[in-house]
Every structure is written in structure tokens, then in C-alpha cells.
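This report describes one protein structure for a reader who is new to such models.

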Amino acid sequence: LLDAQAQFDEGRRRLAAGSLKSALEHFQYAFDIEPKGRFLAWLGWTTYQLEPNAAQRALETLRRACELEPGCEEAHVWRGDLAMVLG
């Protein structure tokens, strides 16, 4: 239960299945267990998908993810995507 990677993997499965709220919970739990930038990036991206009006908050989450894990490609790509959306 306290396996961050297992929680993250389950979050990705749920996201792929379209269960955004459940995926968000799993990404949050993974990040709470082990604060990795990758986990935070997926949390931020899922936040945006669940609440497009929360794009600014998701962008801030992705910024933090980039700081935590500079090599996290997803965080950089999604951060750029959201920056373009926000202009």
C-alpha cells in the first residue's frame, strides 16, 4: 500500500481508462509517499485535464515538478503546452 511506484502505475491505468478523479488521487498518494517530480508532473497534468479552468494552478505544479526533477520530460512538455494555452 505504501509503494509509490505501484500507486503511480495505478494512476496511469486509471487515467488511460478515463477515471480522472481516481487517477488524480493515486498520483497525489504516490507523491505523498515519495515526492518525485515525475509523480508531481502527472498530478499537475491530470489536474488540468480534470479542471481546464485550473490551468494556472496546473502550470505551477508542473513548474515545481521541473524543479524537483529537471530531467522529467513529461513535466517540461506539459508545462510548455499549458504555457501556450495560457498565452
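A salt bridge is defined here as a side-chain nitrogen of Lys or Arg within 4 Å of a carboxyl oxygen of Asp or Glu. By this rule the structure has seven salt bridges. The model is predicted, so local features need pLDDT of at least 70, side-chain atom pairs count only at pLDDT 80 or more, and totals for chains, interfaces and linings use all residues. Residues are numbered from 1 along each chain as its sequence is written, and side-chain values use heavy atoms, with hydrogens and water left out.

**Salt bridges**

Side chains of opposite charge can pair when their charged atoms come close.

| Pair | N to O distance |
|---|---|
| Glu 10 and Arg 13 | 2.9 Å |
| Lys 36 and Glu 34 | 3.6 Å |
| Arg 38 and Glu 74 | 3.4 Å |

Helices (H or I, at least four residues) and strands (E, at least two) are DSSP runs, numbered from the N terminus. Elsewhere, salt bridges with shared partners link Glu 10, Arg 13 and Arg 14 into one network. Glu 10 and Arg 13 stand three residues apart in helix α1 (residues 4–16), and therefore about one helical turn separates them. Glu 10 is partly exposed, with a relative accessible area of 22%. For Lys 36 the value is 33%, which counts as partly exposed, and Glu 34 is likewise partly exposed at 33%.

**Helix α5**

Helix α5 has 14 residues and reaches 20 Å from its first C-alpha to its last, close to the 20 Å expected at 1.5 Å a residue; the expected span is 1.5 Å times one less than the number of residues. Which residues of α5 are buried? They are Ala 75, Trp 78 and Leu 82. Seen down the axis of α5, the buried residues fall within an arc of 75 degrees, so they line one face of the helix; the arc is that of the directions from the helix axis to the C-beta atoms. The face turned away from this buried side carries the exposed residues Glu 73 and Met 84. The cover over the buried residues of α5 includes α3 and α4 (55–68). After α5 comes Gly 87, whose phi is positive, near 80 degrees.

**Thr 46 in helix α3**

Thr 46 belongs to helix α3 (residues 37–50) and is buried, with a relative accessible area of 0%. Contact means heavy atoms within 4.5 Å. Not counting residues up to four places away in sequence, Thr 46 touches Leu 15, Leu 20, Ala 23, Leu 24 and Phe 27.

**The whole chain**

The protein chain holds five helices and zero strands. Of its 87 residues, 39% count as buried. Along its principal axes the C-alpha trace spans about 40 × 25 × 15 Å. Among contacts between residues at least 6 apart in sequence, 53% join residues at least 24 apart.

Notes: Buried < 20%, exposed > 50% of the residue type's maximum accessible area, 1.4 Å probe, protein only.
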